[in-house]
Amino acid sequence: MSKVNRSSLARSFGYAFQGIGTCIREERNIKIHLTFTGLVIFLGVFLKISPLEWCICLTLFGLVLALELVNTAVEAVVDLVTEERKPLAKKAKDTAAGAVLIAAICAAAAGLVIFLPKGLRWIGVLH
């Protein structure tokens, strides 16, 4: 790989990390998702989830956080294009937000399947 390509690749990663950082600093919802991600990581370590369960959790973390970034990008582009209330602008924003919501609900449901039995065993309700 040439020096130019490596420099370009490094710049691309830099821009991506800038985007993630901006989203974390400026968007409330990604902070909520990151808080739940931290909680799940803590519970995963504490309750000793299996490698397969970790893979499921990591995949869902990635899905929800990536969709939140895409949702933020869609909202920014729509706001850039128009300040007026337009049905298509609303549709784009609401649909992107809906994608995040579906992923978050599915992640929460998977979390219950993984963690509820382990938590109940830990408190002594299940054997």
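# A tour of pockets, salt bridges and a nonpolar patch

Begin with the lining of the largest pocket: 18 of its residues are nonpolar, three are polar and none is charged. Here Ala, Val, Leu, Ile, Met, Phe, Trp, Tyr, Cys and Pro count as nonpolar, Asp, Glu, Lys and Arg as charged, and the others, Gly among them, as polar. This is a predicted model, in which local features need pLDDT of at least 70 and side-chain atom pairs count only at pLDDT 80 or more, while totals for chains, interfaces and linings use all residues. Residues are numbered from 1 along each chain as its sequence is written, and side-chain values use heavy atoms, with hydrogens and water left out.

## Stop 1: the largest pocket

Select F36, V40, A104, A107 and A108. Of the 21 lining residues, these are the closest to the centre of the largest pocket. The volume of this pocket is about 460 Å³. A pocket is an open set of points on a 1 Å grid over the protein atoms alone, with protein on both sides within 12 Å along at least five of seven lines; lining residues have an atom within 4 Å of a point. Grid points are joined across faces, edges and corners, and the volume is the space filled by probe spheres set on the points.

Now colour by helix. Helix 2, helix 3 (51-81) and helix 4 each give at least two residues to the lining. Helix 4 has the largest share, with nine residues. Helices are DSSP runs (H or I, at least four residues), numbered from the N terminus.

## Stop 2: the second largest pocket

Next, select V78, D79, T82, E83, E84, R85, K86, P87, A89, K90, K93 and D94. These residues line the second largest pocket. Its volume is about 160 Å³. What classes of residue make up this lining? Eight are charged, three are nonpolar and one is polar. Helix 3 and helix 4 each supply at least two of the lining residues. The largest share, five residues, comes from helix 4.

## Stop 3: the salt bridges

Stay with D79 and K93. Their side chains meet in a salt bridge, 2.6 Å from N to O. D79 is in helix 3 and K93 in helix 4, so the pair ties together parts that are 14 residues apart in sequence. A salt bridge here is a side-chain nitrogen of Lys or Arg within 4 Å of a carboxyl oxygen of Asp or Glu. D79 is partly exposed, at 42% relative accessibility. K93 is also partly exposed, with a relative accessible area of 25%. Buried means under 20% relative accessible area, exposed over 50%, and partly exposed in between (1.4 Å probe, protein chains only).

Select K90 and D94 next. This salt bridge spans 2.5 Å, N to O. Both residues are in helix 4, and they are separated by about one helical turn because they are four residues apart. D94 is partly exposed, at 42% relative accessibility.

Then go to K118 and E53. Their side chains form a salt bridge at 3.4 Å, N to O. The pair links distant parts of the chain, with K118 in helix 4 and E53 in helix 3, 65 residues apart. Is E53 buried or exposed? E53 counts as buried, at 16% relative accessibility. The count of salt bridges comes to three.

## Stop 4: the nonpolar patch

Turn to the surface. Select I32, F36, L39, F42, F46, W122, I123, V125 and L126. They form a nonpolar patch with about 940 Å² of accessible area together. Helix 2 (28-47) and helix 4 (87-123) each give two or more residues to this patch. Helix 2 gives the largest share, five residues. Patch residues have over 30% relative accessible area and no salt bridge; nonpolar side chains (Val, Leu, Ile, Met, Phe, Trp, Tyr) are joined within 5 Å, and like charges within 9 Å. Areas come from the Shrake-Rupley method with a 1.4 Å probe; for residues, only the protein chains shown count as cover.

Pick out V125. This residue is in the segment after helix 4. V125 counts as exposed, at 53% relative accessibility.

## Stop 5

Select K48, in the loop between helix 2 and helix 3. K48 is not a glycine, yet it has a positive phi of about 55°. Most residues other than glycine have a negative phi. K48 is exposed, at 67% relative accessibility.

Finish at Y15, in helix 1 (residues 3-26). Y15 is exposed, at 52% relative accessibility. Draw a distance from Y15 to A96. The two are 22 Å apart, C-alpha to C-alpha, and 81 residues apart in sequence.

Terms used
1 Å grid on protein atoms, 1.4 Å probe; cavity = no way out; pocket = protein on both sides within 12 Å on 5 of 7 lines; lining within 4 Å.
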